[in-house]
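Grab the viewer and work through these exercises with me. Each one sets a task and then walks through a solution.

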Amino acid sequence: MTPSDPSADFRLDGRVVVVTGGYGVLGSAMARGLLGAGAAVVLLGRSAEKAEAAAADLDPSGERALGVAADVLDPDALAAARDAVLDRFGHVDALVNAAGGNVSGATLQPGESPFGLDPAAWRSVVDLNLHGTILPTQVFGPALADAEAGAVVNISSMAASRVISRVAGYSVAKAGVDHFTRWMAVELAKQTGGRVRVNAVAPGFFVAEQNRALLLNGDGSLTERGADIVAHTPAGRFGESAEVAGPVVFLLSHAARFVTGAVLPVDGGFSAYGGF
Ligand SMILES: NC(=O)c1ccc[n+]([C@@H]2O[C@H](COP(=O)([O-])OP(=O)(O)OC[C@H]3O[C@@H](n4cnc5c(N)ncnc54)[C@H](OP(=O)(O)O)[C@@H]3O)[C@@H](O)[C@H]2O)c1
């Protein structure tokens, strides 16, 4: 492969990428894609046991996968995780903020008044999805800025830009993630001459633990809401977790070196569709 081969620009050899929520459904698919592109991958979540098991599953040699435990809302735990990554690999080049998900109390139940949602649930879903993106960026950011080409990819959602009925707090939090992505991208581009980049992907609908019961019945058939979502997705199906990996690899890679502040839909056409 010569340096002029454009496919080389998509490789991540030698890069160390931290994935929060890295043993979740989408996070682990992204981690697998990143490993395949040549990166060393750090899987971060609240369970040390799950993080270590997922890292061992990803790379049994242990050379290019590490599991670390931290809560994305705990700056001290994040700093300890960052130090563990620097001890192990000597540098960290990229961060994927994938920890997140909905909190049922911040979703309107059928017949419930929009004025009645539990304030504590609102706060917890905004904390997890928005502050759980901001805090890791602050803690890992200085190390990324030391890298030759630091990059962050945040995991947003279609709920940030399109109103998904009943889903209140999560949507507000992800809209905050979109804006934080653009704000941080602009500040860092100005301060580093474009060397450090921040982007997001906005997945459409993928079956994961946090939303399985909403989308699928026990026998695997679509719930009414699942069928509604598929009907509004021109590709006619839910996404498969591996389909988020390619866009994340691209955004972290040299191929995307002039892409910053973008929120890339990965949604089978959901966001483009007018509904008929
Ligand atoms: N599935 C979809 O259709 C979809 C669509 C759009 C966007 N997304 C977004 O994609 C991301 C991944 O979601 P997923 O669907 O793959 O869900 P998932 O399978 O439930 O994964 C979420 C991961 O986040 C970790 N996590 C949760 N709270 C955490 C905390 N406080 N600190 C550290 N880690 C924490 C979880 O591990 P522990 O609980 O063990 O810590 C888990 O590994 C989320 O940001 C979600 O909002 C998903």
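**Exercise 1: α3 against α4**

Describe how α3 and α4 cross, and say which residues do the touching.

Step 1. α3 and α4 make a right-handed crossing (right-handed if the near helix is turned clockwise from the far one by less than a right angle, left-handed if anticlockwise). Helices here are DSSP runs of H or I with at least four residues, strands are E runs of at least two, and numbering goes from the N terminus.

Step 2. Helix α3 spans residues 75–89, and its axis lies 9 Å from that of α4, at an angle of about 35°. Axes are lines fitted to C-alpha atoms, for helices over the stretch in contact, with angles from 0 to 180 degrees between N-to-C directions.

Step 3. From α3 come Pro75, Leu78, Ala79, Arg82 and Leu86, and from α4 Leu135, Pro136, Val139, Phe140 and Ala143 (contact means C-beta atoms, placed from the backbone, within 7 Å).

Step 4. Sort them by class: nine nonpolar, no polar and one charged. Ala, Val, Leu, Ile, Met, Phe, Trp, Tyr, Cys and Pro count as nonpolar, Asp, Glu, Lys and Arg as charged, and the others, Gly among them, as polar.

A word on the model: it's predicted, so local features need pLDDT of at least 70 and side-chain atom pairs 80 or more, while totals for chains, interfaces and linings use all residues. Residues are numbered from 1 along each chain as its sequence is written.

**Exercise 2: α1 against α8**

Work out how α1 packs on α8.

Step 1. The axes of α1 and α8 (residues 245–252) are 8 Å apart, at an angle of about 55°. That makes the pair oblique (under 35 degrees is roughly parallel, over 145 roughly antiparallel, 65 to 115 roughly perpendicular, the rest oblique).

Step 2. The crossing of α1 and α8 is right-handed.

Step 3. Ala29, Met30, Arg32, Gly33 and Leu34 of α1 meet Ala245, Gly246, Val248 and Val249 of α8. By class that's six nonpolar, two polar and one charged.

Methods. Two residues are in contact if their C-beta atoms, placed from the backbone, lie within 7 Å.
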